[in-house]
Amino acid sequence: MLSHLTSSDSLLGNAFPAFDYALTPWDGPDFLAFNPTSPNPVTSSSASDDPKTTPADQKPPSDQSNRVVSLMEERKRRRMISNRDSARRSRMRKQRHLENLRNQMNLFRVENRELNNGFQFLLHHCNRLRTENEWLRSERTMLRQKLADINQILLFRQLQPFSTAWPCNIVMAE
């Protein structure tokens, strides 16, 4: 099943990143034996020391070190690609977040405008009611004054039969 999955499979992307490296379990000890901080001892040899050795025979064991270096370069390249992808995803997340914040800000502005319009309507309505209340209070005061005047007139009429002795209240019959 795993043999059918490759890193070039476009549907899966990189489903198994551990299999992308050139190392296999049997390559592990060789790789661990390589220590880049301690180079191989340098020996000076001249042609007079060993006449049987030729420059072609003095091939350094660089095949394994080249493989390790290329493996490290490959890992570095993949890490750079991974970092670029991660940065791109981060920028996209940030862009989505900013867009969500802008949308939320627009919604809050609309809600604020609606609340402000409702508040202005209530203020107008409250002012109209105050004006109406002041008018009703003044009308009540005026009606109380009229009622007091009418009560006074009625009181004078009730007292009129008793005051016939007064000359100003005598009514002449015709």
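A surface patch here is a group of residues with over 30% relative accessible area and no salt bridge, in which like charges are joined within 9 Å and nonpolar side chains (Val, Leu, Ile, Met, Phe, Trp, Tyr) within 5 Å. By that rule, L155, F156 and L159 form a nonpolar patch on the surface. This is a predicted model, where local features need pLDDT of at least 70, side-chain atom pairs count only at pLDDT 80 or more, and totals for chains, interfaces and linings use all residues. Residues are numbered from 1 along each chain as its sequence is written, and side-chain values use heavy atoms, leaving out hydrogens and water.

**The nonpolar patch**

- L155 sits in helix α2, which covers residues 62–159; helices (H or I, at least four residues) and strands (E, at least two) are DSSP runs, numbered from the N terminus.
- L155 counts as partly exposed because its relative accessibility is 46%, given that buried means under 20% relative accessible area, exposed over 50%, and partly exposed in between (1.4 Å probe, protein chains only).

**Salt bridges around E74**

- The whole structure holds four salt bridges, each defined as a side-chain nitrogen of Lys or Arg within 4 Å of a carboxyl oxygen of Asp or Glu.
- One of them pairs R77 with E74 at 2.5 Å, N to O, and these two residues of helix α2 are three residues apart, about one turn of the helix.
- E74 also meets R78 in a salt bridge, at 2.8 Å from N to O; here the spacing within helix α2 is four residues, again about one turn.
- As for accessibility, E74 is partly exposed at 24%, R78 is partly exposed at 25%, and R77 is partly exposed at 41%.

**The D85 and R88 pair**

- D85 forms a salt bridge with R88, and their closest N and O atoms are 3.9 Å apart.
- Both D85 and R88 belong to helix α2, where they are three residues apart, about one turn of the helix.
- D85 is partly exposed at 29% relative accessibility, and R88 is partly exposed with a relative accessible area of 39%.

**Shared partners**

Definitions and conventions: Areas by Shrake-Rupley, 256 points an atom, 1.4 Å probe, with all protein chains shown as cover.
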